[in-house]
Amino acid sequence: MYRFFVPAEQIYGEYAEITGDDVNHIRNALRMGRGEKVVISAGRGSDYYCIIRDVESDRIVLDLEREEPVRTELPVSIVLFQSLPKSDKMEQIVQKAVELGVSEIVPMQTRRSVVRLDEKKAANKLKRWQAIAEAAAKQSGRGFVPNVHEVLAFGEALKYAERLQYRIIPYELFNDMKSTMATVGKACKGKSIGIFIGPEGGFERSEAEQALEMGAEPVSLGRRILRTETAGPAILSVLMFCIEGGIEENGSLFG
């Protein structure tokens with residue numbers, strides 16, 4: 001069943017309206033009509049199962065059949081702090097991160113980031129990344145669209161992450177897997193986690209030290225060196241598995 005996100009003020013109790021770009025998508029791309037079923041969400045923890053009542057030029061009118069709680073969201077808020085990668089890799093990272101359950105994505109400008117965005121380019125990129133986040137949220141059945149934050153400098157990102165209960169930084173010079181499992185297991189029992197991913201070439205040592213000084217905990221992603229577009233989804237997959245049932249009572253991942 002197709003899923004769409006609508007503002008809460010467009011859900012009126014017994015009916016709802018879809019407006020904007022989704023109208024054209026429903027009418028012309030999906031060729032849906034009266035009597036067909038869709039799911040809508042306003043990002044407030046509920047899914048609304050609906051039947052299309054009318055397809056108009058500027059809106060889709062829906063009859064609400066039932067409301068159910070969203071079951072696809074993780075109970076732990078995960079924020080991905082991603083150093084800006086080269087070319088269009090950020091698009092893939094945003095897509096996969098949303099599929100894996102992140103609540104927010106914060107692009108970072110780090111010292112080894114090759115990409116440098118001026119204000120205009122950053123605004124255009126942000127708009128594109130947010131559209132990809134929305135499409136990924138629809139495809140994966142998310143209950144809301146994760147926000148893609150404006151680009152922050154590394155120091156600003158560390159400050160922004162202070163509100164999170166746990167902060168984790170995969171670092172290639174740290175290879176203690178036993179400690180990593182304990183750290184991940186502990187974080188998965190918390191309420192919020194920040195993940196810091198370096199660019200091509202990794203974080204500079206001074207950046208990693210700065211993160212550790214501000215409370216981030218180092219983890220290992222194994223004996224192999226992962227690309228920046230692989231590292232984020234790798235740790236997110238572990239966290240998702242851990243949070244959704246792979247954690248034992250003693251707090252260690254996989255027991």
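Which residue's side chain makes a polar contact with the side chain of S113? In this predicted model, the partner is T110, and the two side chains meet at 2.7 Å.

## Around S113

You will find S113 in the loop between β7 and α3. With a relative accessible area of 4%, S113 is buried, because that value falls under the 20% cut-off. Beyond its neighbours within four places in sequence, S113 is in contact with S83, L84, M108 and P199.

The largest nonpolar core holds 35 residues, and the members that touch the most others are I78, L80, V94, I195 and L239. Several elements each supply at least two residues of this core: β6 (77-83), α2 (89-99), α3, β10, α5 (177-187), β11 (192-197) and α7 (228-246). Of these, α7 gives the most, with six residues.

L80 is worth a look of its own. Not counting residues up to four places away in sequence, L80 touches I93, A97, V102, E104, I105, V106, I195, I197, G232 and L236. There is also a second, separate core of 16 residues, and I18, C50, I52 and L64 are among its members. As a general background, nonpolar side chains tend to be buried together in soluble globular proteins.

Strand β3 (residues 37-41) pairs with strand β4 (residues 46-55) in the antiparallel sense, over five bridges. Within this pairing, V38 has C50 in β4 as its bridge partner. C50 also belongs to the second core. The hairpin of β3 and β4 has four residues between the strands, and there G43 takes a positive phi near 75°.

On the other pairing, β4 is joined by nine bridges to strand β5 (residues 60-69), and the two run antiparallel. They too form a hairpin, with four residues between them. Here D47 stands opposite E68 in β5.

## Salt bridges

Charged side chains complete the tour. The count comes to 17 salt bridges, and three of them are set out here.

| Salt bridge | N to O distance |
|---|---|
| R66 and E68 | 2.7 Å |
| R163 and E104 | 3.0 Å |
| K138 and E134 | 3.6 Å |

Let us take R66 and E68, whose side chains meet in a salt bridge. R66 counts as partly exposed, at 39% relative accessibility. E68 is partly exposed as well, at 23%.

The side chains of R163 and E104 form another salt bridge, and this pair links distant parts of the chain. R163 sits in the loop between α4 (154-160) and β10 (166-170), while E104 is in strand β7 (residues 104-109), 59 residues apart from R163. Is E104 buried or exposed? E104 counts as buried, because its relative accessibility of 9% is under 20%. E104 is also among the residues that L80 touches.

Elsewhere, salt bridges that share partners join E17, E56 and R59 into one network.

Terms used:
Residues numbered from 1 in each chain as written. Predicted model: local features only at pLDDT ≥ 70, side-chain atom pairs only at ≥ 80, totals over all residues. Heavy atoms only, no water. Salt bridge = Lys/Arg side-chain N within 4 Å of Asp/Glu carboxyl O. Buried < 20%, exposed > 50% of the residue type's maximum accessible area, 1.4 Å probe, protein only. Polar contact = N/O pair within 3.5 Å; in protein donor to acceptor, adjacent residues only side chain to side chain. Contact = heavy atoms within 4.5 Å. Core = buried A, V, L, I, M, F, W, Y, C linked by side-chain atoms within 4.5 Å. Pairing = 2+ DSSP bridges.
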